[in-house]
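Please look through the structure below with me, one question at a time.

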Amino acid sequence: SGSYKREFEKPIHAALSFLRSRDYFLCIHQSEWEHHFEPDNYIPLDEISPAAWQDYLQDLPFIKIAKKFPLHAWDDLQDRLSGNFRELLELLAFNSQAGEKGLSPGDPTRGFGP
């Protein structure tokens with residue numbers, strides 16, 4: 001929301017195909033504090049047209065993208081979360097305000113460094 005929404009709205013808008021291919025969901029609720037996956041809160045991105053995607057990104061005061069993980073895959077969750085976090089950082093082309101690139105310090109679940 002706020003300045004971060006304005007800063008990252010363009011790369012998120014351009015990433016619809018990427019996010020669809022990885023089974024992400026978009027929050028369509030008016031409150032960012034709802035976290036359930038009921039149809040009035042999250043909808044699968046593969047069910048959203050490009051025009052609706054643009055409308056949601058412009059009209060909602062925040063952008064909240066989520067992914068479901070099945071409970072039977074609990075043992076693999078750490079690797080899945082790390083991989084999804086990394087791909088979202090790359091999607092946003094996470095850079096510093098000074099224009100430096102590739103500043104992700106490492107895997108947040110395993111410490112920092114190469």
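Predicted model: local features only at pLDDT ≥ 70, side-chain atom pairs only at ≥ 80, totals over all residues.

Q: In what order do the strands lie in the open sheet?
A: Strand E1, residues 24-27, is joined to E2 by 3 bridges, and these two strands run antiparallel. E1 also pairs with E3 in the antiparallel sense, again over 3 bridges. Strand E2 (42-44) and strand E3 (65-67) are the edge strands, each pairing on one side only. The order of the open sheet is therefore E2-E1-E3.

Q: By how many degrees are neighbouring strands of this sheet turned against each other on average?
A: The sheet in question is the open one of 3 strands with antiparallel pairing. When direction is ignored, its neighbouring strands are turned against each other by an average of 40 degrees.

Q: Which residues of E1 are buried on the two sides of the strand?
A: In a regular strand the side chains alternate between the two faces of the sheet. Both faces of E1 are covered, and a residue counts as buried when its relative accessible area is under 20%. The buried residues are Tyr24 and Leu26 on one side, and on the other Phe25 and Cys27.

Q: Against which elements do the buried residues of H4 pack?
A: Helix H4 covers residues 77-91 and reaches 21 Å from its first C-alpha to its last, close to the 21 Å expected at 1.5 Å a residue. Its buried residues are Leu77, Ser82, Asn84, Glu87, Leu89 and Leu91. These buried residues pack against helix H1 (2-14), helix H2 (16-21), E1 and E3.

Q: Which residue just after H4 takes a positive phi?
A: Helix H4 has 15 residues and spans 77-91. Just after this helix, a positive phi of about 50 degrees is taken by Ala93.

Q: What percentage of the residues of the protein chain count as buried?
A: The accessible surface of the protein chain comes to about 7800 Å², and 54% of this belongs to carbon and sulfur atoms. Of the 114 residues in the chain, the share that counts as buried is 28%.

Note on methods. Residues numbered from 1 in each chain as written. Heavy atoms only, no water. Helix = DSSP H or I, 4+ residues; strand = E, 2+ residues; numbered from the N terminus. Axes fitted to C-alpha atoms, helices over the stretch in contact; angles between N-to-C directions. Buried < 20%, exposed > 50% of the residue type's maximum accessible area, 1.4 Å probe, protein only. Expected span 1.5 Å × (residues − 1). Contact = heavy atoms within 4.5 Å. Areas by Shrake-Rupley, 256 points an atom, 1.4 Å probe, with all protein chains shown as cover.
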